[in-house]
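Subject: Structure for your review

Dear colleague,

Please find below the structure that I am handing over to you. My findings follow directly after it.

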Amino acid sequence: MLAVTDAARDVLGEIVTGGNVPEERTLRLTRGESEEFGLSVDEERPGDQVVSQGDQPLLLIESELADQLTGVVLDVAETAEGIGLRLVQSDIAPSRDGASPG
């Protein structure tokens, strides 16, 4: 399963609650045919890994993709364009709810 840092949860929370995502939906991590990752707006589906902050769902990950991302962490990255999100390999095993140790 994908681990998500607290900083990444904060960024996802800003996106979800910032008025860009309808209330009954949230963000979904996707992987396109070119193997690039992205975010889309979607509804929860059976089997999804759900990353939340409190009661607020922030990110949905299809179960097969979540399994492929075991040992990977979603974290914040500072880029020339500003704050972004990045996926990085981790030596730290994530907890079962997708949380990582800070």
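Gln49 stands opposite Ile61 in strand S5. The two strands concerned, S4 and S5 (residues 56-61), pair in the antiparallel sense over five bridges. Please bear in mind throughout that this is a predicted model.

S4 and S5 belong to an open sheet of four strands, arranged in the order S3-S2-S5-S4 with mixed pairing. At its edges are S3 and S4 (49-53), each of which pairs on one side only. From one strand to the next, the twist averages 25°.

Leu27 is placed opposite Val41 in S3. The hairpin of S2 and S3 has five residues between the strands. Glu35 lies in the loop between them and deserves a separate remark: although Glu35 is not a glycine, its phi is positive, at about 70°.

A helix accompanies the sheet. H1 lies across S2, S3, S4 and S5, and runs at about 105° to S5. The helix covers residues 6-20, which makes 15 residues, and reaches 21 Å from its first C-alpha to its last, close to the 21 Å expected at 1.5 Å a residue. Which residues of H1 are buried? They are Ala8, Arg9, Val11, Leu12, Gly13 and Val16.

A further hairpin is formed by S6 and S7, with two residues between them. S6 (residues 72-79) and S7 (residues 82-89) run antiparallel, and eight bridges join them. In this pair, Ala77 stands opposite Gly84 in S7.

Turning to the chain as a whole, there are two helices and seven strands. Read from the N terminus, these elements follow one another as β-α-β-β-β-β-α-β-β. The chain has 102 residues, of which 36% count as buried. Its accessible surface comes to about 6300 Å², and carbon and sulfur atoms account for 45% of that area. How many of the contacts between residues at least 6 apart in sequence join residues at least 24 apart? The share is 52%.

Yours sincerely,
A colleague

Key: Residues are numbered from 1 along each chain as its sequence is written. This is a predicted model: local features need pLDDT of at least 70, side-chain atom pairs count only at pLDDT 80 or more; totals for chains, interfaces and linings use all residues. Side-chain values use heavy atoms; hydrogens and water are left out. Buried means under 20% relative accessible area, exposed over 50%, partly exposed in between (1.4 Å probe, protein chains only). Contact means heavy atoms within 4.5 Å. Accessible areas come from the Shrake-Rupley method with a 1.4 Å probe; for residues, only the protein chains shown count as cover. The expected span of a helix is 1.5 Å times one less than its number of residues. Two strands pair if DSSP finds at least two bridges between them. Axes are lines fitted to C-alpha atoms, for helices over the stretch in contact, and angles run from 0 to 180 degrees between N-to-C directions.
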